[in-house]
Each structure stands twice: as structure tokens, then as C-alpha cells.
Amino acid sequence: MNRTSVRAALAVALVLTAAACNGGNDDKPKTTTTAAAADGTAPSPSASYNDRLLDEGQKQFLTVVWKYTPKRSEISAMSAQDLKAMTETYAAECSGRRKDREQSLKGSPTGQKVTPEQFTEVLNAWDELCGIEPGAREELLKHVKISNGHVDPDYGGGPVYLYDLSITNLGKDTADYRVTIEAYDKDGDFLGEQSAFAERLGPDKTNRQPEQLIVPTGVSNGTIADIADLKVTDVERVPGGTLLQ
């Protein structure tokens with residue numbers, strides 16, 4: 001699914017999340033829960049969802065989004081099967097970057113309605129659904145270091161930007177990492193970005209990736225010679241080593 005289709009799907013999905021379902025054969029939402037939630041109270045996962053269809057991770061995710069969605073009347077008409085299918089749509093996007101999920105959320109009715117703090121809460125809930133450690137972004141940035149960045153005007157016959165990358169697992173368990181690296185010019189303007197990965201990295205172990213390349217096609221807003229700084233802008237860490245499966 002490309003970024004445009006993801007945004008379109010999630011714009012719909014984010015307003016059609018979380019309804020309380022009874023345990024009957026029709027799996028329809030409880031109207032009493034919808035009425036009770038009109039004051040802004042989020043439903044309890046144990047009381048609100050059909051245990052036969054939704055697992056605990058899906059319930060927790062839906063409960064957070066339900067707190068902020070602007071269209072509860074549409075939600076109350078959904079079946080448990082629809083809710084499960086919707087959460088699975090979110091989970092399917094977990095293989096993509098957090099930055100892309102963040103942009104999808106910003107374009108949704110929920111993302112446009114919430115405060116910055118509420119936005120972070122919903123995005124963190126999405127991370128948890130993906131199995132990605134939420135929050136503590138500044139701490140995760142400490143797991144990655146960039147050094148020796150420089151332009152080589154004649155590397156392999158053309159100009160490239162070279163840098164050394166190291167990813168150190170500062171956590172207590174084995175984890176996969178996905179790192180977003182952005183290039184900027186001397187004025188602080190964005191030039192381009194790329195991703196790096198480390199698979200099943202053990203605690204206190206370091207994955208070293210020397211002489212990483214940024215080639216001309218990776219700089220969309222300038223040239224290789226314009227690169228003055230590289231920044232690690234996002235680090236996703238999935239305990240258990242499941243991100244790259």
C-alpha cells in the first residue's frame with residue numbers, strides 16, 4: 001500500500017474505531033455504552049469489547065482512540081468483526097515507518113481534532129499495537145550515533161556523502177531497530193532522508209555500519225555538496241526482534 005492509499009484508509013479508520021460489543025451472536029455494539037460514553041468517558045476494555053474477536057492489544061488501542069474520535073455515532077453502528085478488521089488494517093502499517101504513521105494520523109479527523117498531548121497518546125497506542133516501544137523518544141535517540149560524515153567527490157566515480165553509523169542496544173532484551181536519518185544544508189533546510197536497520201541486536205551489543213552512503217538520488221532538495229549535517233530523527237525499537245520478520 002503506498003503512502004497516499006494508507007492515509008486515505010486510515011483517515012476513515014481513525015473515525016471508525018472502538019465500539020462496545022456485547023457477547024451475543026450478532027456481535028453488535030451495546031447502545032448503553034455509546035450513551036454512557038457521550039460525556040467523554042472511554043469504555044473499559046473488559047466490559048466493552050467482544051473477547052472472542054478482539055485481543056487485549058486491540059482492545060487497548062481502540063480504547064485510546066475512542067476517547068478522542070469525533071464520530072461516535074458511526075462507531076456505534078460497527079460490528080465486532082468490523083472493529084477487528086480495522087485494527088488489523090492499522091497493524092498492517094506497522095512494517096512502515098513511524099513517521100509515515102504519524103503523517104497518516106495528522107491527516108485523519110481524530111488527528112486534526114486532538115491536542116498535541118492527545119495526539120501523542122494515540123500515536124503511542126498505535127506503537128504499542130505494533131509492538132514498538134512508545135514514548136521516551138529522546139532516550140531511544142541515544143541508542144544511535146553518527147560520525148565521520150564527509151563528502152567524497154570521487155567515490156565509485158561520482159560524489160557521495162559517507163558516514164559511519166552505530167546502533168547500540170541500551171535495553172534489557174534483544175530488539176530490532178529502524179532508524180531514520182535526515183540530511184540538512186548549512187541553513188538547516190531539509191535535503192533528504194534514508195533508513196537504517198539492525199536485526200535481533202542483543203542487550204549492550206553494537207551494530208556497526210561503516211561508510212554508509214548517501215548518493216545523489218537520495219538528496220531530493222539539493223546536491224551531495226549541500227549536505228552540512230546529518231540528524232537521527234526517529235528510532236523505532238521492537239523488543240523480541242519481530243520488526244524485520
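Helices (H or I, at least four residues) and strands (E, at least two) are DSSP runs, numbered from the N terminus. Strand β1 is a handy place to start, and Asn148 lies in it. The model is a predicted one, so local features need pLDDT of at least 70 and side-chain atom pairs count only at pLDDT 80 or more, while totals for chains, interfaces and linings use all residues. Residues are numbered from 1 along each chain as its sequence is written, and side-chain values use heavy atoms, with hydrogens and water left out.

Some backbone angles come first. Most residues other than glycine have a negative phi. With a relative accessible area of 52%, Asn148 is exposed; the labels run as follows: buried is under 20% relative accessible area, exposed is over 50%, and partly exposed is in between (1.4 Å probe, protein chains only). Arg200 also has a positive phi, of about 50°, and is not a glycine either. Arg200 sits in strand β4 (residues 190-201) and is exposed, its relative accessible area being 57%.

Strand β1 (residues 144-155) also holds Tyr155, which is partly exposed at 32% relative accessible area. Together with Leu213 and Val215, Tyr155 makes up a nonpolar patch on the surface, with about 220 Å² of accessible area between them. Patches are built from residues with over 30% relative accessible area and no salt bridge; like charges are joined within 9 Å, and nonpolar side chains (Val, Leu, Ile, Met, Phe, Trp, Tyr) within 5 Å. The accessible areas come from the Shrake-Rupley method with a 1.4 Å probe, and for residues only the protein chains shown count as cover.

Next come the charged pairs. A salt bridge here is a side-chain nitrogen of Lys or Arg within 4 Å of a carboxyl oxygen of Asp or Glu, and by this rule the count comes to 16. One of them pairs Glu139 with Lys142, whose closest N and O atoms are 3.0 Å apart; Glu139 is partly exposed, at 44% relative accessibility. Another links the side chains of Asp187 and Lys186 at 3.6 Å, N to O, and both of these residues are exposed. There is also a network, in which salt bridges that share partners join Arg97, Lys99, Asp100, Glu182 and Glu193.

The salt bridge between Asp173 and Arg237 spans 2.8 Å, N to O. Asp173 lies in the loop between β2 (158-168) and β3 (175-184) and Arg237 in strand β6 (residues 229-239), so the pair ties together parts that are 64 residues apart in sequence.

Leaving aside residues up to four places away in sequence, Arg237 touches a list of residues including Gly131, Glu133, Leu140, His143 and Tyr177; contact means heavy atoms within 4.5 Å.

His143, one of those neighbours of Arg237, is found in the loop between α10 (137-141) and β1. It is buried, with 8% relative accessible area. The side chain of His143 makes a polar contact of 2.8 Å with the side chain of Tyr177. Beyond residues up to four places away in sequence, the residues that His143 touches include Ser166, Asn169, Gly171 and Arg237.

Helix α4 (residues 56-66) is mostly covered, with eight of its 11 residues buried; among them are Phe61, Leu62, Val64, Val65 and Trp66. At the start of α4, a side-chain oxygen of Asp55 comes to within 3.1 Å of the backbone nitrogen of Gly57. In helix α7 (residues 98-106), the buried residues are Arg98, Arg101, Ser104 and Leu105. They cover an arc of only 115° around the axis, which puts them on the same side of α7; the arc is that of the directions from the helix axis to the C-beta atoms.

How values were computed. A polar contact is a pair of N or O atoms within 3.5 Å; within protein, one must be able to donate a hydrogen and the other to accept it, and residues adjacent in sequence count only if both atoms are side-chain atoms.
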